[in-house]
Amino acid sequence: FKQDAKIILDHFKKKAANVTGLLSPEERVKEKDRFITDKDVRYLVGTPKAAGTGVDGLQTVTNRALYYSNSMDSIDYWQSKARTSRVGGDSVAYYTHLIGRKTIDLKNLRNLQKKEALSSLILDDFRMMVD
């Protein structure tokens, strides 16, 4: 995923903040802050693992996420989705998935969606037991 991110970052240059595994956690926080405060920075490029934790506050400035080349790791995926849909955001979050033809993209996305649905069912059952 790092190479994909590098290509995208090279394309957008200074208009994009870098929240990927190409940087240290401290550098990613600085980049996230640059995305929030610098009006010239229009995009935040992140990999699911790197952007999934430690980059809180995005929900205050964006409600959109574009996914390209997902992994099968559901925890990283859910955490990255949570960056734009936490308390403090002022609207519904939107997620767009780019799916390449003849790639594993669709299979990975369906796998992530199945895991999310299963997790919700289990959590709903647990809630009913505790209520």
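Predicted model: local features only at pLDDT ≥ 70, side-chain atom pairs only at ≥ 80, totals over all residues.
1. A residue counts as buried under 20% relative accessible area, as exposed over 50%, and as partly exposed in between. By that scale Lys6, at 37% relative accessibility, is partly exposed.

2. Overall architecture. The protein chain contains five helices and four strands. Read from the N terminus, these elements follow the order α-β-α-β-α-β-α-β-α. Of the 131 residues in the protein chain, 31% are buried. Among contacts with a separation of 6 or more, 66% join residues 24 or more positions apart. The accessible surface of the protein chain amounts to about 9,000 Å², and carbon and sulfur atoms account for 56% of that area.

3. Lys6 pairs with Asp10 in a salt bridge, with 3.2 Å between the closest N and O atoms. Both residues belong to helix H1, which covers residues 2-12, and they stand four residues apart, about one turn of the helix. An α-helix has 3.6 residues a turn, so residues three or four places apart point the same way. Asp10 has a relative accessibility of 42% and is therefore classed as partly exposed. Lys6, at 37%, falls in the partly exposed class as well.

4. Lys13 is located in the loop between H1 and S1. The backbone of Lys13 deserves a check, since its phi is positive, about 50°, although the residue is not a glycine. Lys13 is exposed, with a relative accessible area of 60%.

5. The loop between S1 and H2. Leu22 sits in the loop that joins strand S1 (16-19) to H2. With 40% relative accessibility, Leu22 is partly exposed. Beyond its neighbours within four places in sequence, Leu22 makes contact with Lys2, Lys6 and Leu9. The C-alpha atoms of Leu22 and Gln3 are 9.1 Å apart, although 19 residues separate the two along the chain.

6. Geometry of helix H2. Helix H2 spans residues 25-37, 13 residues in total. From its first C-alpha to its last it reaches 19 Å, close to the 18 Å expected at 1.5 Å a residue. The buried residues of H2 are Arg28, Glu31, Lys32 and Phe35. Viewed down the axis of H2, the buried residues lie within an arc of 100°, so they line one face of the helix. Glu26, Lys30 and Thr37 are exposed on the other side of H2.

7. Salt bridges in helix H2. The structure has three salt bridges. One of them links Glu31 to Arg34, the closest N and O atoms being 3.1 Å apart. These two residues are three residues apart in H2, and so about one helical turn separates them. Glu31 is buried at a relative accessible area of 17%, whereas Arg34 is partly exposed at 24%. Another salt bridge joins the side chains of Lys32 and Asp33, at 3.0 Å from N to O. Here Lys32 is buried, with a relative accessible area of 10%, while Asp33 is partly exposed, with 35%. Side chains of opposite charge can pair when their charged atoms come close.

8. The nonpolar surface patch. Leu66, Tyr68 and Leu98 make a nonpolar surface patch of about 320 Å². Leu66 belongs to strand S3, which covers residues 64-68. The relative accessible area of Leu66 is 59%, and the residue is therefore classed as exposed.

9. The loop between S4 and H5. Lys102 occupies the loop between strand S4 (94-98) and helix H5 (105-130). Its phi is positive, about 55°, although Lys102 is not a glycine. At 90% relative accessibility, Lys102 is exposed. Lys13, discussed in point 4, also has a positive phi, about 50°, and is likewise exposed.

Conventions
Residues numbered from 1 in each chain as written. Heavy atoms only, no water. Expected span 1.5 Å × (residues − 1). Buried < 20%, exposed > 50% of the residue type's maximum accessible area, 1.4 Å probe, protein only. Arc of directions from axis to C-beta. Contact = heavy atoms within 4.5 Å. Patch = residues over 30% accessible without salt bridge, like charges linked within 9 Å, V, L, I, M, F, W, Y side chains within 5 Å. Areas by Shrake-Rupley, 256 points an atom, 1.4 Å probe, with all protein chains shown as cover. Salt bridge = Lys/Arg side-chain N within 4 Å of Asp/Glu carboxyl O.
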